[in-house]
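Welcome! Please take a look at the protein below, and then we will walk through it together.

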Amino acid sequence: MAECDWDTVTVLRKKGSAAQSKSKQAIISAQRKGDAVETSKKWAAGQNKQHLVTKNTAKLDRETEELSHQRVPLEVGKVIQQGRQNKGLTQKDLATKINEKPQIIAEYECGKAIPNNQVMGKIERAIGLKLRGKEIGMPLDSAPKTK
């Protein structure tokens, strides 16, 4: 501890901000002094846009059939509706039970929803019927378990 000098003070100063070094005045003064100045123009700087044409974009352009997401089959929607009605639940009650919006239950029953395994699992447990696989409409208890 004897070698510590508590009276020494060190002051650190910044040499200048990046904004100052990029200003027109800073560039001109650096050129006058003879310092090396590197300038480069950035493409699409400050626009946050990405207009890159990739192979996938060209492939999609050449595609003749209309691409769309797979929807829940109407058969599954009918099973959800029957299971819900057998339990005496409304769409709103079922949605509250599985912590989802009533609109999601309506979309699943109409066959307009894009299938989500987490939501399907919640609905299966709530109504007690299988909605995925080959045993659609079977009770969860009698569905064969796979290991």
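Buried means under 20% relative accessible area, exposed means over 50%, and partly exposed lies in between (1.4 Å probe, protein chains only). With 5% relative accessibility, Glu 124 therefore counts as buried. This is a predicted model, in which local features need pLDDT of at least 70, side-chain atom pairs count only at pLDDT 80 or more, and totals for chains, interfaces and linings use all residues. Residues are numbered from 1 along each chain as its sequence is written, and side-chain values use heavy atoms, with hydrogens and water left out.

**The overall picture**

- The protein has seven helices and zero strands; helices (H or I, at least four residues) and strands (E, at least two) are DSSP runs, numbered from the N terminus.
- Of the 147 residues in the protein, 19% are buried.
- Contact means heavy atoms within 4.5 Å. Among the contacts with a separation of 6 or more, 46% are between residues 24 or more positions apart.

**Glu 124 and its helix**

- Glu 124 sits in helix H7, which covers residues 117-127.
- The side chains of Glu 124 and Arg 132 are joined by a polar contact of 2.8 Å. Such a contact is a pair of N or O atoms within 3.5 Å; within protein, one must be able to donate a hydrogen and the other to accept it, and residues adjacent in sequence count only if both atoms are side-chain atoms.
- Not counting residues up to four places away in sequence, Glu 124 touches Leu 129, Lys 130, Leu 131, Arg 132 and Leu 140.
- At the N-terminal end, Asn 116 caps H7, with a side-chain oxygen 3.0 Å from the backbone nitrogen of Gln 118.
- After H7 comes Gly 128, which has a positive phi, near 80 degrees.

**The largest nonpolar core**

- A nonpolar core is a set of buried Ala, Val, Leu, Ile, Met, Phe, Trp, Tyr and Cys residues joined through side-chain atoms within 4.5 Å.
- The largest one has 18 residues, and those touching the most other members are Ile 80, Leu 94, Tyr 108, Ile 123 and Leu 131.
- Helix H4 (74-86), helix H5 (91-97), helix H6 (102-110) and H7 each give two or more residues to this core.
- H7 supplies the largest share, five residues.

**Leu 131, after the helix**

- Where is Leu 131 placed? Leu 131 lies in the segment after H7.
- Its relative accessibility is 2%, so Leu 131 counts as buried.
- Leu 131 and Val 76 are 55 residues apart along the chain, yet their C-alpha atoms are separated by 6.0 Å.
- Leaving aside neighbours within four places in sequence, the contacts of Leu 131 include Val 76, Ile 80, Ile 123 and Glu 124.

**How H4 meets H6**

- The axes of H4 and H6 come within 6 Å and cross at roughly 125 degrees. Axes are lines fitted to C-alpha atoms, for helices over the stretch in contact, and angles run from 0 to 180 degrees between N-to-C directions.
- H4 and H6 are therefore oblique to each other; angles under 35 degrees count as roughly parallel, over 145 as roughly antiparallel, 65 to 115 as roughly perpendicular and the rest as oblique.
- Leu 74, Gly 77, Ile 80, Gln 81 and Arg 84 of H4 make this contact with Tyr 108, Glu 109 and Cys 110 of H6.
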